[in-house]
Amino acid sequence: MSKEGSDKRSVSDPPTKPLLRIDEVAAYFDVHPRTIRLWIEHGHLSAERLAGSIRVTRESIINFRLKGRED
């Protein structure tokens, strides 16, 4: 089997980087970047500020995915 579009990641495939930009997380969950910012504000995702840029932790993404989006 060949992979379809190497830049297109399925939600079941967790990201490999330890910290991701908001746009990368949005692409992973197939939602708008504003949604990711809201999830961070509401405590659904953990994020860090690095050099003026917000990064979401890989662990937070995996935990959120396992928990589901019902909150």
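**Chat about the aromatic rings and the fold**

User: How many aromatic pairs does the count come to?

Analyst: Four aromatic pairs, taking ring centres within 6.5 Å as the cut-off. Keep in mind that this is a predicted model.

User: OK, take tyrosine 28 and phenylalanine 29. What kind of pair do their rings make?

Analyst: Edge-to-face, because the planes of tyrosine 28 and phenylalanine 29 sit at 80° and an angle over 60 degrees gets that label. Their ring centres are 4.9 Å apart.

User: And are those two buried or exposed?

Analyst: Buried. Tyrosine 28 has 6% relative accessibility, and phenylalanine 29 has a relative accessible area of 3%. The cut-off for buried is under 20%, so tyrosine 28 and phenylalanine 29 both qualify.

User: How do the rings of phenylalanine 29 and tryptophan 39 sit?

Analyst: Their planes are at 85°, so that pair is edge-to-face, with the centres 5.4 Å apart. The pair ties distant parts of the chain together: phenylalanine 29 belongs to helix α1 and tryptophan 39 to helix α2 (residues 33-41), and the two are 10 residues apart. Tryptophan 39 is buried, at 13% relative accessible area.

User: Which residues form the aromatic cluster?

Analyst: Tyr28, Phe29, Trp39 and Phe64 make up one cluster.

User: Switching to the fold. In what order do the elements of the chain run?

Analyst: Starting at the N terminus, they go β-α-α-β-β-α. That gives three helices and three strands.

User: What order do the strands take in the sheet?

Analyst: β1-β3-β2, in an open sheet with antiparallel pairing. β1 (19-21) and β2 (47-50) are at the edges, and each has a single partner strand, so one side of each has no neighbour in the sheet. From one strand to the next, the twist averages 40°.

User: How many bridges does β3 make with β1, and how many with β2?

Analyst: β1 and β3 (residues 53-57) pair over three bridges, while β2 and β3 are joined by four. Both pairings are antiparallel.

User: What's between β2 and β3?

Analyst: Two residues, with the strands forming a hairpin. In the turn, alanine 51 has a positive phi of about 50°.

User: Where does helix α1 lie?

Analyst: Across β1 and β3; helix α1 (residues 22-29) runs at about 90° to β1.

User: Back to α2. What does isoleucine 40 touch?

Analyst: Isoleucine 40, which is in helix α2, is in contact with Ile22, Leu45, Ala47, Ile54 and Val56, leaving aside neighbours within four places in sequence. Isoleucine 54 is 14 residues away from isoleucine 40 in sequence, and their C-alpha atoms are 10.0 Å apart.

User: And what does serine 60 touch?

Analyst: His44, Leu45 and Ser46, again not counting residues up to four places away. Serine 60 is in helix α3 and is buried, with 6% relative accessible area.

User: What share of the chain is buried overall?

Analyst: Buried residues make up 24% of the 71 residues. The chain exposes about 5,300 Å², with 49% of that supplied by carbon and sulfur atoms.

User: How much of the contact set joins residues at least 24 apart?

Analyst: 45%, counted among contacts between residues at least 6 apart in sequence.

User: Last topic, confidence. What pLDDT does the chain average?

Analyst: 84, and 79% of the residues score at least 70. Over residues 1-7 the pLDDT is below 50, and that stretch has zero contacts in the model beyond near neighbours in sequence.

Notes. Residues are numbered from 1 along each chain as its sequence is written. This is a predicted model: local features need pLDDT of at least 70, side-chain atom pairs count only at pLDDT 80 or more; totals for chains, interfaces and linings use all residues. Side-chain values use heavy atoms; hydrogens and water are left out. Two strands pair if DSSP finds at least two bridges between them. Axes are lines fitted to C-alpha atoms, for helices over the stretch in contact, and angles run from 0 to 180 degrees between N-to-C directions. Contact means heavy atoms within 4.5 Å. Buried means under 20% relative accessible area, exposed over 50%, partly exposed in between (1.4 Å probe, protein chains only). Accessible areas come from the Shrake-Rupley method with a 1.4 Å probe; for residues, only the protein chains shown count as cover. Rings of Phe, Tyr and Trp (its six-membered ring) pair if their centres lie within 6.5 Å; planes under 30 degrees apart count as stacked, over 60 as edge-to-face and the rest as tilted. pLDDT is the predictor's confidence in each residue, from 0 to 100.
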